[in-house]
Amino acid sequence: LLKWATRGAGILATTFCDHGAFLRSRPAVELPDVQLRFVPGIGPDPDGVKAYELLGKGVQHPRYGYTLQVINCRPKAVGSVRIASADAMVAPEGRGNYLGRREDVAAIVRGVAVARSLARAGPLGEVSLKEVYPGEEVRSDEEVEAYIRRTLHSANGLSGGCCIGRVVDDELRVHGVAGLRVADASVMPHIVGSQLALPTTAIAERGAFFIAAAARSRRRPAASPPRRRA
């Protein structure tokens, strides 16, 4: 804390995933569909969410290391969110449907291969001693896929559960509910290929514009009827 307060340095000077790259899993892909994130640390479990839970309980990996996270940043599978009850206190039913499309699985498998090649070459190769996850014994595409299915979790935030065209209109107004707008990542009709913070800020600014415009319209006095000549 002292290093950060006095010099802006030390462990608090990093978000732990502020370096990475976007790449195409195969040449035919129009836009990058795989994101790699470099994390200067290694968790106690290959499932990132479970690793956070264990770290919160004081469980750490016994050795120093680094992590290359492989993310399918343009998944094709579509999940769903539905109302489970008329009771507002009952949580809705969500279905992620992760890896519901074969190409989503293949992209991550190829991303793992790229991450491994990076870990063996250049500066990373100079400090890489042993692969911990998925482990050197996991070699074939089928074995890598099985590992992915055991350890998969969501990344970059969730979006699209209240998307434009279905739940809200192009001014973010909820269909059938007067005076209610939604201005967050849930209105995105498609998942963006990176983190959600900046596009969500843009949506919020646009929502503020719509709200201000509507308020000005309500305050504007009605035009007086034209006077008739005698």
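Q: Which residues does A185 touch, leaving out those up to four places away in sequence?
A: This is a predicted model. In it, A185 touches L158, S159, G160, L196 and T200.

Q: And which nonpolar core has A185 in it?
A: The largest one, with 11 residues. Besides A185 and L196, that core includes C162, V168, L172, V174 and F210.

Q: What lies apart from that core?
A: Another core, of nine residues. Among them are V105, V112, V138 and Y147.

Q: Back to L172. What is its phi?
A: Positive, about 70°, although L172 is not a glycine. Most residues other than glycine have a negative phi.

Q: Is L172 buried or exposed, and where is it?
A: L172 is buried, with a relative accessible area of 5%. It is found in the loop between α5 and α6 (197–219).

Q: Which other residue has a positive phi without being a glycine?
A: L99, at about 60°. L99 sits in the loop between β5 (93–95) and α3, and at a relative accessible area of 13% it is buried.

Q: Switching to peptide bonds. Which residues does a cis one join?
A: Y133 and P134, with omega at about -5°. P134 belongs to the loop between α4 (122–127) and α5.

Q: Now the helices. How do α3 and α5 pack?
A: Helix α3 (residues 102–120) packs on α5 (residues 141–151) at an angle of about 105°, and their axes are 10 Å apart. The two are therefore roughly perpendicular to each other.

Q: Which residues meet there?
A: From α3, R102, V105, I108, V109, V112 and R116. From α5, D141, V144, E145, I148 and R149. By class, the contact has six nonpolar, no polar and five charged residues.

Q: What does α3 lie across?
A: Strands β1, β2 and β3, running at about 155° to β3.

Q: What is the strand order in that sheet?
A: β1-β2-β3, an open sheet of three strands with antiparallel pairing. β1 (19–23) and β3 (67–72) stand at the edges with a single partner strand each, so one side of each has no neighbour in the sheet. From one strand to the next, the twist averages 20°.

Q: How many bridges join β2 to β3?
A: Six, with β2 spanning residues 34–39 and running antiparallel to β3. At V34, the bridge partner in β3 is N72.

Technical notes
Residues are numbered from 1 along each chain as its sequence is written. This is a predicted model: local features need pLDDT of at least 70, side-chain atom pairs count only at pLDDT 80 or more; totals for chains, interfaces and linings use all residues. Side-chain values use heavy atoms; hydrogens and water are left out. Two strands pair if DSSP finds at least two bridges between them. Helices (H or I, at least four residues) and strands (E, at least two) are DSSP runs, numbered from the N terminus. Axes are lines fitted to C-alpha atoms, for helices over the stretch in contact, and angles run from 0 to 180 degrees between N-to-C directions. Contact means heavy atoms within 4.5 Å. Angles under 35 degrees count as roughly parallel, over 145 as roughly antiparallel, 65 to 115 as roughly perpendicular and the rest as oblique. Ala, Val, Leu, Ile, Met, Phe, Trp, Tyr, Cys and Pro count as nonpolar, Asp, Glu, Lys and Arg as charged, and the others, Gly among them, as polar. A nonpolar core is a set of buried Ala, Val, Leu, Ile, Met, Phe, Trp, Tyr and Cys residues joined through side-chain atoms within 4.5 Å. Buried means under 20% relative accessible area, exposed over 50%, partly exposed in between (1.4 Å probe, protein chains only).
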